[in-house]
Amino acid sequence: MILSKMKMFGLLFLMIIGSSSLMAQTNVTDEEIGQFAVTFQKMRMINQEAQKQLSEAIAEEGMEVTRFNTIHQAQMDPAAEVELTKEEEKKYEAIIKDLNEMQTEFRKEIEDMIKDGGLSVERYEQIGNQLQNDAELQERLREELTN
């Protein structure tokens with residue numbers, strides 16, 4: 001698979017929360033967890049679309065998905081090494097350019113989706129950050145997603 005589904009979702013999620021630090025824990029109402037869950041589910045659809053578009057961008061450049069993943073992982077890990085031809089380097093750079101354009105498009109779509117779902121982007125970020133460390137909140141979200 002391109003970047004694993006969770007990695008791609010994580011990429012999309014990080015586009016929204018960026019590098020913001022963990023916010024103070026706040027009470028999350030049942031209404032907010034419901035709004036978060038609906039938005040989260042919609043993000044899954046965006047994730048699928050993003051994977052499809054990324055796969056198409058890779059194919060259009062004439063690169064195999066597995067090779068792109070290998071190169072990309074090496075680019076993200078300074079300790080990793082990968083041999084690149086000049087042609088692969090050009091293809092990789094073109095794919096990353098396309099990916100950056102897609103991220104801009106998806107970021108706007110996600111921000112609009114969050115707002116349409118009844119939360120501010122800031123509040124969504126707060127809940128998302130809190131979910132990383134709050135097992136009880138994670139369970140509440142799981143329950144909301146299965147209902």
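I began at the end of H2 and found that Gly62 follows this helix with a positive phi, near 80°. Helices here are DSSP runs of H or I with at least four residues, numbered from the N terminus. This is a predicted model, where local features need pLDDT of at least 70, side-chain atom pairs count only at pLDDT 80 or more, and totals for chains, interfaces and linings use all residues. Residues are numbered from 1 along each chain as its sequence is written, and side-chain values use heavy atoms, with hydrogens and water left out.

Next I checked the span of H2. Its 31 residues reach 45 Å from first C-alpha to last, close to the 45 Å expected at 1.5 Å a residue (1.5 Å times one less than the number of residues).

Then I turned to the rings, pairing those of Phe, Tyr and Trp (its six-membered ring) if their centres lie within 6.5 Å; planes under 30 degrees apart count as stacked, over 60 as edge-to-face and the rest as tilted. My search of the whole structure gave 3 aromatic pairs. Phe36 and Tyr124 are stacked, at 4.3 Å centre to centre and 15° between the planes. Because Phe36 sits in H2 and Tyr124 in H5, this pair ties together parts 88 residues apart in sequence. Ring pairs also link Phe36, Phe40 and Tyr124 into a cluster.

Last, I looked at H5 and found 10 of its 11 residues buried.

Note on methods. Helix = DSSP H or I, 4+ residues; strand = E, 2+ residues; numbered from the N terminus. Buried < 20%, exposed > 50% of the residue type's maximum accessible area, 1.4 Å probe, protein only.
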